[in-house]
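Please keep the structure open in your viewer and follow this tour one selection at a time.

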Amino acid sequence: DALNEGLKKYRVNETITTPTGTHENIVYYNSSMGNRADYYYDDNAWICIQLLEAYKTFGDAWYLSEAEELLKFFETGTDDVLGGGVYWDKSFSSKNTCADGPVCIAYLEAYGITEKAEYLDKAESIMSWLNETLRDDDGLYYDNITTDGEVNEWKADYNQGTPLYALCMLYDFTGKEEYREMADRTAAYSLSLAFKVRGVGDDPKVSMNGNPIYKSWCVGWLMRGFREYVIMTGEAGRYFGFMEKVLDETMLTKDENGYYDPYFCSGEWEGESTTEVLQPCGVASVMAICGYYDVMIKPTLSE
C-alpha cells in the first residue's frame, strides 16, 4: 500500500520548464502531497532506485515503467552548465553529489535490468563529471558546486556512499580498472571519515567520527556503498566491523518508546528531531544492511 497508494499522492505529471527547455508529460514526485512544494532531483533518485528494487522483488512491470519515467525526468535537470552533471532542485542553482550519486545508481540499476546501453552511457557521463568536478585528491567527494563555480568542500558521509556504490557497479558492468582503483581510494578514506578508532589490538573502541550528517538514513547510504565494495572485492576489511561496534552501543540506547539513538551515540545536532520518521527508519536500515552482510555476504568471503 505504501508504494501503490501512499507514494502516488506525491506523484505529478505535468509540463515543466527547466534550463534544458520546456518538457511535456513529465512524471516526477514532489516533496509534499498535492504538488504544494518544490521538487528535488535527489528525492526522485531515491524513489527511482527503490522502484527498481521493487520491480526486482515483486516483478510488477509498473515499478519498472515508473522508474523509467523518472529516468526521463532526470534529463530535464542535466545540461552542459559547469560541464555536465545533474541539478539538485528546481532552483537550478547548484549541482550536488547528493543528486548526481543516486541518479548514477538509478541509471546503473536500470541498465542491469534492461541492458539498455543508453543508461550505462548516462551513468558513465555523470560519474565522469563527478570525478572531474567534485572529487578531491583523497578520493572523497565535495558536497556541491554552484552555477557560478563556487565549490562547497564539505564532505558528508552519504556523499561518499553513493559514488562508491556507483563506482563498484560501473566496474562490474564495464571491467574498467579505473573504476576499481577509484573505489579503493574512496572506500579507504571514507572509513576514516566516518569512524573514530581508539586503542590498538583486535578489539579497539569505535565511534562515529565528528563529521555530520549523522542522520541514520545518511549513514545507511554509506553502508550501502561499503556493501557494494565488499561484494566487488570479496574482502571484508573493517567496513562492517566498525559499524557493528557502533551498533552494539546504539542498541543500549533504546528508550521507552522504542527509539534508538539516530546519531549512533554521537550526540544530537541542534535543530534535528530524534523521532522524525526518517531517523528510526534509518537506524533500521543500517541494522538490516549489517544483518544482510552477516548472513549473505560474510560467509562467502575469503577472510
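**Charged pairs and a pocket**

Begin by selecting lysine 116, which counts as partly exposed at 34% relative accessibility, where buried means under 20% relative accessible area, exposed over 50%, and partly exposed in between, with a 1.4 Å probe and protein chains only. This is a predicted model, in which local features need pLDDT of at least 70 and side-chain atom pairs count only at pLDDT 80 or more, while totals for chains, interfaces and linings use all residues. Residues are numbered from 1 along each chain as its sequence is written, and side-chain values use heavy atoms, with hydrogens and water left out.

Glutamate 68 lies in helix α3 (residues 61-75) and lysine 116 in the loop between α4 (97-114) and α5 (117-133), so the pair ties together parts that are 48 residues apart in sequence. Helices (H or I, at least four residues) and strands (E, at least two) are DSSP runs, numbered from the N terminus. Glutamate 68 is buried, with a relative accessible area of 16%.

Next select glutamate 124 and lysine 176, which form a salt bridge with their closest N and O atoms 2.9 Å apart. This pair links distant parts of the chain, with glutamate 124 in helix α5 and lysine 176 in the loop between α6 and α7 (177-194), 52 residues apart. Glutamate 124 is buried at 18% relative accessibility, whereas lysine 176 is partly exposed at 35%.

Then move to aspartate 138 and lysine 155, a salt bridge whose closest N and O atoms are 2.9 Å apart. Aspartate 138 is buried, with a relative accessible area of 17%, and lysine 155 is buried too, at 15%.

Finally, turn to the largest pocket, which holds about 1500 Å³ of space. On a 1 Å grid over the protein atoms alone, a pocket is an open set of points where a 1.4 Å probe fits, with protein on both sides within 12 Å along at least five of seven lines, and lining residues have an atom within 4 Å of a point. Of the 40 lining residues, select Trp46, Gln50, Trp217, Trp221 and Leu278, the closest to the centre of the pocket. Helix α2 gives the most to this lining, with eight residues.

Notes
Points joined across faces, edges and corners; volume = space filled by probe spheres on them. Salt bridge = Lys/Arg side-chain N within 4 Å of Asp/Glu carboxyl O.
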